[in-house]
Amino acid sequence: MKNLILSLAATTALVAPAHAEMLDLEKDVLTFGFIKLTDMAPLAVAYEQGFFDDEGLFVTLEAQANWKVLLDGVIGGQLDGAHMLAGQPLAATIGYGTEAHIVTPFSMDLNGNGITVSNEVWDMMKPQLDTGADGKVVHPISASTLQPVIEKFAAEGKPFNMGMVFPVSTHNYELRYWLAAGGIEPGYYSPENVSGQINAQAYLSVTPPPQMPATLEAGTISGYCVGEPWNQQAVFKGIGVPVITDYEIWKNNPEKVFGMSAEFTDANPNTTLAITKALIRAAIWLDENDNANRPEAVEILSRPEYVGADAEVIANSMTGTFEYEKGDAREVPDFNVFFRYNATYPFYSDAVWYLTQMRRWGQIADAKPDSWYDEVARSVYKPEIYLQAARMLVDEGLADEADFPWDSDGYKAPTPAADVIDGISYDGKTPNAYLESLPIGLKGDQKVVGTEIQG
């Protein structure tokens with residue numbers, strides 16, 4: 001096996017892409033998993049545009065039934081890597097749920113999720129909402145307008161049920177964040193009770209993304225948080241109304257990652273670099289020239305082997321718009337971001353935010369020092385691999401030097417209060433101070449004991 005550093009030096013010494021030396025791959029036949037969501041796009045694009053081929057990689061992409069099956073496939077080696085919920089590598093590495101060391105050298109996107117409610121709930125919320133001069137509802141919508149609905153359900157002896165895709169998903173934490181920002185308790189986890197519904201006013205449970213619209217239509221849930229195209233599908237089917245996007249909850253929030261086992265990356269460093277190079281090129285293609293390639297991406301994603309939803313539904317969000325009520329389509333050019341704003345760089349601060357939300361809701365049962373959050377982030381997020389891959393692409397003439405944060409310490413500048421729905425800023429370097437600033441949720445030495453928060 002050729003040493004990684006020697007291979008890198010040999011490759012980056014050659015500038016012209018036509019003459020770039022191929023990495024000495026440890027493994028070139030690979031299988032990657034994904035869930036049928038539009039944010040798997042970098043994988044589909046890397047395959048269809050030949051970016052994997054350019055790196056000497058023979059890749060098979062396989063849709064997975066749900067996030068647990070996908071994670072188990074990566075851990076068991078049936079999958080060499082996968083489109084993952086950002087919380088999955090972190091949770092596995094700290095031993096929450098299935099324990100395994102999973103790493104990511106590549107963040108797949110920013111934004112891309114929404115929260116949808118049933119028509120019944122929307123009709124109950126709407127009288128409380130402000131409207132503009134055009135008669136349309138003013139966005140963003142606060143979850144406080146959901147409080148009377150939940151109270152009505154409770155008075156009738158009915159639980160208010162909402163769906164999210166996985167206990168450590170962005171969707172779970174975004175839905176909880178939105179509810180808590182509106183004064184609604186979304187429930188807690190404890191080591192003995194992993195339902196996440198301890199002391200909840202809104203009861204959140206897992207529903208696989210493609211099943212969200214049907215579950216809403218059946219009345220099993222009254223709302224959900226999911227990625228596209230499943231919010232827009234509810235609009236097209238006339239069964240629900242998206243009330244807020246995650247862009248409105250937290251502007252340019254991190255979403256999915258590409259995850260691999262640490263065992264795989266350690267054994268296959270050159271292959272890992274090649275994979276990362278191909279995915280960076282796919283992300284660039286998706287965002288370049290003001291999203292000029294998005295219509296082609298929509299056509300690719302609409303194929304049954306990828307997302308398999310109607311192209312019109314996928315285009316509703318992938319091409320820079322988002323439709324709330326039927327006919328109320330608005331310009332949201334950054335609803336899906338794949339490359340700009342350093343979307344693909346695996347920032348430690350993104351990892352720390354997920355860990356704070358795990359702690360906030362009791363998935364991390366005990367208080368941890370700030371140093372622990374940093375250590376876990378560094379063990380899972382691998383910007384050093386990302387930058388090696390980026391340097392190779394720049395030297396090969398396939399990427400622009402100015403597009404990468406070469407001097408980053410791995411932490412983004414603090415998110416300003418104006419970019420978050422509750423007006424609370426976020427600094428990844430001070431996770432405990434951040435937790436203290438959030439009115440609802442565990443902080444300090446607090447823990448969930450039975451049905452009580454103690455400490």
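Tutor: The C-alpha centres of domain 1 and domain 2 lie 26 Å apart, and since this is a predicted model, that distance is a computed value.

Student: What makes these two parts domain 1 and domain 2?
Tutor: Their bounds come from an automatic or database domain assignment, which gives residues 29-110, 254-346 and 382-412 to domain 1 and residues 113-250 to domain 2.

Student: How do you know which residues belong to the contact between domain 1 and domain 2?
Tutor: The criterion is heavy atoms within 4.5 Å, and the contact takes 30 residues from domain 1 and 33 residues from domain 2.

Student: Why are strand S7 and strand S8 said to pair?
Tutor: Pairing requires at least two bridges between the strands, and strand S7 (residues 161-164) and strand S8 (residues 203-206) have four bridges in the parallel sense, so they count as a pair. As an example of where to look, Met 162 has Leu 204 in S8 as its bridge partner.

Student: Why is the unit made with helix H8 called right-handed?
Tutor: With the strands pointing away from the viewer, a right-handed crossover runs clockwise from the first strand over the helix to the second; S7, helix H8 (residues 170-181) and S8 make a β-α-β unit that is assigned as right-handed.

Student: Why is the largest cavity called a cavity, and what lines it?
Tutor: The word applies because a 1.4 Å probe fits in such a space but cannot get out. The largest cavity holds about 90 Å³ of space, and its lining includes Glu 174, Tyr 177, Trp 250, Trp 353 and Tyr 434. By class, that lining has eight nonpolar residues, one polar and one charged.

Student: What makes the largest pocket a pocket?
Tutor: A pocket is an open set of points, whereas a cavity is one that the probe cannot leave. The largest pocket has about 230 Å³ of space, and of its 13 lining residues, Lys 251, Asn 252, Lys 412, Ala 413 and Thr 415 lie nearest its centre. The lining of this pocket comprises seven nonpolar, three polar and three charged residues.

Student: Which peptide bonds are called cis, and where are they?
Tutor: The bond from His 139 to Pro 140 is cis, with omega near 5°, and Pro 140 sits in the loop between helix H6 (119-125) and helix H7 (147-155). Another cis bond joins Glu 228 and Pro 229, with omega about 15°, and Pro 229 is in the loop between strand S9 (223-227) and helix H10 (230-237).

Methods
Residues numbered from 1 in each chain as written. Predicted model: local features only at pLDDT ≥ 70, side-chain atom pairs only at ≥ 80, totals over all residues. Heavy atoms only, no water. 1 Å grid on protein atoms, 1.4 Å probe; cavity = no way out; pocket = protein on both sides within 12 Å on 5 of 7 lines; lining within 4 Å. Points joined across faces, edges and corners; volume = space filled by probe spheres on them. Nonpolar A, V, L, I, M, F, W, Y, C, P; charged D, E, K, R; others polar. Helix = DSSP H or I, 4+ residues; strand = E, 2+ residues; numbered from the N terminus.
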